[in-house]
Amino acid sequence: MQTATVESEKSRKRSGNLRRRQLVDRIATVAIFGAVILAIVPLVLILADIVIKAAPVMSFGFLTNLPKASPFSPDQGISNAIIGSFVMVGFASLIAIPIGVGAGIFLSEWAEMRFAWVASFTNDVLAEFPSIVIGIFVFVIIVLATHSFSGYAGGFALAVIMIPIVARTTEESLKLVPNSYREASMALGVSRWRTITRIVLSTGRGGLVTGVLLAVARVMGETAPLLLTALGSTLAFRTLSQPTESLSLLIYFYGTSAYKTWQAQAWGAALVLVVIVLALNISVRALTRGKFITGGD
Amino acid sequence: MDLMEAQQERMSKEKSETLERSDENTSSINSQMSPGDRIRMSSLNVYYGNSHVLKDLNLTIEDRKITVIMGPSGCGKSTLIRTLNRMNDTVHAFKLTGEIALDGINIYSKEVNPTLLKLRVGMVFQKPNPFPISIYDNVAFGPKIHKLSKNRAEMDEIVMQALKQAALWEEVKDRLKANALSLSGGQQQRLCIARALAVRPEILLLDEPASALDPGSTAKVQELMVELKKDLTLVLVTHNMQQAATVANKVAFLYNGSLVEVGQSPDIFENPQKKVTEDYISGRLT
């Protein structure tokens, strides 16, 4: 009799606990869903806002025409900013991808060296550097030295921002390549460098491409380092040795201007920039879907 | 057959590039070697930092025989086999004293290129590790890098020969373009053996090649090893007694980094001289 009571007591307690746990579980689930929605809401609001406000200025001419000196002239456009952005980011990529990938290979494949630890730490610090500081640095060493703001200076500043990102993602994607592949290749009498180029890089290339594209997307929207280096321009793009316009600079100057027409154009430029960055991110998704790293062991 | 000759020629050329010179110590070692020996380890000590992993080993590996190194886990078997083709060179704090002579030349002397050494002394690992590319490309990987063929037809021949030698040809001949990872574990391991054979090594090191395989695949790999010793010198590391007894010509029992006993198979299993060996063979020691 007594044992039965104890038993039921126990089971009641247990079911009480169970009910409480189920409740906690439900609350946690709801809270987490709520957090996700709160995180998505600003993105949706911003996107909607940009699209609505950009709609009035959007036209083919807006993408192909040049800015005009007067905010009231007809047929204004942002073509110089679009070209300037792509050329400066392209120039930055030419510098940053080889250096970043090379550094990433070193960090991954020579990780046992003490210097690799130092380099890795330095790389992390550089990656976290405020971009305006990089802008000032490039301003001092290039703009002051050449006595001119230029697209080269802007591209160089963007490259400094890209290098640590490319290096880190390269390192991480190469470290995912199983060590047994390296051993198998070395055991066939293949040198370390050839093992890297023929086996490690080709196996880890998915992650490598991802890193490069993400770095490109990241600097595409950078403004602060360009203010002090590329400066911006209302003229058609001719050469990187002159001040160069970018989408981000145009948004900054037009957005803070006193004229409604220019403010509207800033929204238009913002939409163009967002579409470019989104396209880069979507291509990363498409490239890495299901074939990031093939086969573990 | 032209191909074979070309390869032979290349090998001997590379051999002389790899292992020439050091005549001074050659003669001294040669005097200690009997004709059938390929590898001679003398007073071999290996350290990882402060830990003394291999202790004063003296062992010879005979030509076209299967030498089995057995012993409990952590006794230094893998370290020992990996020193034979210098796979340990990049291991942190690895240090070696004494000598390992291949055909009379110390493979740790400065004259020996550790990359080219691995062409002569190939290796198969514990876990099958094919590259995530096609079966054909796996086998062709080494020959391509070392330029063993002049054209596509020759390469096809090399790949086919290697796969036949590894007893895998019949199973994969219709799907050479398939990804190697689509093969079963046992097939993957035989593919790794084919890949190692494709660069025509003279000595093949096998580090517990069947420990990750099911019994059927294990039996196949064992049969294969016996077949291979017609052309190659094999060194096998295992802690599987049955396997050792099935394939071994010579058995070295390693315990705590020391060579306890070396003997011919099956003598060492039937009549172990040392207590530790007996304990291990009878399963009292793991």
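Predicted model: local features only at pLDDT ≥ 70, side-chain atom pairs only at ≥ 80, totals over all residues.
## The overall form of chain A

Along its principal axes, the C-alpha trace of chain A spans about 95 × 60 × 35 Å.

Of the 297 residues in chain A, 38% count as buried. Among the contacts in chain A with a separation of 6 or more, 75% are accounted for by residues 24 or more positions apart.

Helix 5 of chain A, residues 131-146, has 16 residues and reaches 21 Å from its first C-alpha to its last, which is close to the 22 Å expected at 1.5 Å a residue. After helix 5 of chain A comes His147(A), with a positive phi near 55°.

Which residues of helix 5 of chain A are buried? They are Ile134(A), Gly135(A), Val138(A) and Val143(A), and what covers the buried residues of this helix includes helix 6 (151-175) and helix 10 (224-227) of chain A. An α-helix has 3.6 residues a turn, so residues three or four places apart point the same way.

## Where the two chains meet

The contact between the chains takes 21 residues from chain B and 18 residues from chain A. On the side of chain B that touches chain A, the elements that give two or more residues are helix 4 (114-120), strand 6 (121-124) and helix 5 (135-145) of chain B. The largest share of that side, four residues, comes from helix 4 of chain B. By class, the side of chain B that touches chain A has 12 nonpolar, seven polar and two charged residues.

## Strands in chain B

Strand 6 of chain B has Val121(B) and Met123(B) pointing one way and Gly122(B) and Val124(B) pointing the other way, and all of these residues are buried. In a regular strand the side chains alternate between the two faces of the sheet. Strand 6 of chain B pairs with strand 7 (residues 203-207) of chain B in the parallel sense, over four bridges, and within strand 7 of chain B the bridge partner of Met123(B) is Leu205(B).

Elsewhere in chain B, four strands form an open sheet in the order 2-1-4-5, with antiparallel pairing. Strand 2 (51-62) and strand 5 (105-106) of chain B stand at the edges, each with a single partner strand, so one side of each is left without a neighbour in the sheet. Strand 1 (residues 37-48) of chain B is joined to strand 2 of chain B by eight bridges, and the two run antiparallel; Tyr47(B) stands opposite His52(B) in strand 2 of chain B.

Most residues other than glycine have a negative phi, and most peptide bonds are trans. Arg86(B), although not a glycine, has a positive phi of about 60°, and Ala93(B) also has a positive value, near 65°. Arg86(B) lies in the loop between helix 3 (77-83) and strand 4 (94-102) of chain B, and Ala93(B) is placed in the loop between helix 3 and strand 4 of chain B.

Are these residues buried or exposed? Arg86(B) is buried, because 21 other C-beta atoms lie within 10 Å, whereas Ala93(B) is exposed, with 10 other C-beta atoms within 10 Å. The peptide bond from Ser265(B) to Pro266(B) is cis, with omega near 5°, and Pro266(B) lies in the loop between strand 10 (258-264) and helix 11 (267-270) of chain B.

Technical notes: Residues numbered from 1 in each chain as written. Chains lettered and ligands numbered in written order. Contact = placed C-beta atoms within 7 Å. Nonpolar A, V, L, I, M, F, W, Y, C, P; charged D, E, K, R; others polar. Pairing = 2+ DSSP bridges. Expected span 1.5 Å × (residues − 1). Buried ≥ 20, exposed ≤ 12 C-beta atoms within 10 Å, placed from the backbone.
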